[in-house]
Amino acid sequence: MGITIEGVSKRFGDFQALRPTDLTIETGSLVALLGPSGSGKSTLLRLIAGLEMPDTGRILLTGRDATYASVQERNIGFVFQHYALFKHMTVRQNVAFGLEIRKASRAEIRARVDELLELVQLSGFGDRYPSQLSGGQRQRVALARALAVEPQVLLLDEPFGALDAKVRKELRAWLRRLHDEVHVTTVFVTHDQEEAMEVADQIVVMSQGQIEQVGSPAEIYDHPATPFVMSFVGQVNVLHPESALSCQLPEYRCNGSQQVFLRPHDVLIETDPRSGGVSAQVQAVLHLGREIQAELLLYDGGSLWVHLSREQYAATPIQRGQRVYVRPKAVKAFPVKV
Ligand SMILES: Nc1ncnc2c1ncn2[C@@H]1O[C@H](COP(=O)(O)OP(=O)(O)OP(=O)(O)O)[C@@H](O)[C@H]1O
């Protein structure tokens, strides 16, 4: 079921949590709402779910106006960050809950629960209670429960937020595969850009109650529409508009009218002063396994982070205190806001 948001906005008292917003979510897609805390992601998700009513605009679900439809009428599955499983019920009973309410037959419920437990890879766990499961397993049960009633839309609010990094990573891959199998239109909220990039087909980047950009992970990373997107998605150096490194760029005007953003892996480091690079001193070198990160102090005062592959580092093994010469490989400039 496709979702269309037309001019939807929401205030809480004096606070504009969501500015008038337009968004189209294609049927069967897996979309991430990505942004920092307070950017309006959950508000947008809750408006789609019918847990909040908008002040303006319309919400269409499969082309039908659902702006004021109740949560039940929308046929939506919901999973929150903190597992909301019923503690006194077994896994099977939890998953069956929505089906019991809908008065499905016993045989039907049994078959559907078996199918769902297999889908979330918890077939042997049906008789356990939530307290006998790991955090990741509980979230998978919550997903199975949300999917039990065959929702047309699945909404997930930071579903893996409370889990440790390793389990989160496993569940991301698992959610991607699950979506490939069931194809239910899925919208999930996250403030973790890596999570959004890894899981989603489309990312909606939000800041201060509005959408900054909508695009595939590659579009968002390679062609950020705004300085906010450039800084929020992936690491970035923000250069002073008149720094020597900015001014070295042929296409750059060097008059303070543009702000230059440079990804740490888009910096060339050389040790020969004749290379024509900007002089800098190495402040720190961090060995992070697959990658080496270095902090440099540019001679005109700015600091610059550089990420090197092991091969690059092997070719130019820089050390703390060393003088080096840097050149940008690729940059992105945005007009400075006055
Ligand atoms: N019921 C409410 N009453 C008052 N203010 C609210 C309410 N719900 C949300 N807000 C405010 O609206 C803003 C947006 O909140 P929202 O939960 O949508 O942000 P978010 O991007 O999901 O952030 P987080 O990742 O922290 O959940 C916040 O500043 C929040 O304090």
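Helix 1 makes the largest contribution to the shell around the ligand, giving three residues. Helices here are DSSP runs of H or I with at least four residues, strands are runs of E with at least two, and both are numbered from the N terminus. In total, 13 residues surround the ligand, and the closest are Phe 12, Ala 17, Ser 37, Ser 42 and Thr 43. The elements that supply two or more residues to this shell are strand 2 (15-25) and helix 1 (41-49). Sorted by class, the shell holds four nonpolar, eight polar and one charged residues. In this sorting, Ala, Val, Leu, Ile, Met, Phe, Trp, Tyr, Cys and Pro count as nonpolar, Asp, Glu, Lys and Arg as charged, and the others, Gly among them, as polar.

Before going further, a word on what you are looking at. This is a predicted model, in which local features need pLDDT of at least 70 and side-chain atom pairs count only at pLDDT 80 or more, while totals for chains, interfaces and linings use all residues. Residues are numbered from 1 along each chain as its sequence is written. The protein averages a pLDDT (the predictor's confidence in each residue, from 0 to 100) of 90, and 98% of the residues score at least 70. The model has an ipTM of 0.92 and a pTM of 0.87.

Now step back to the whole protein. It contains eleven helices and 18 strands, and its C-alpha trace spans about 80 × 45 × 30 Å along the principal axes. Of its 338 residues, 36% count as buried; a buried residue has 20 or more other C-beta atoms within 10 Å of its own, an exposed one 12 or fewer, and a partly exposed one a number in between, with C-beta atoms placed from the backbone.

After helix 4 comes Gln 121, with a positive phi near 55°.

Note on methods:
Near = placed C-beta within 6 Å.
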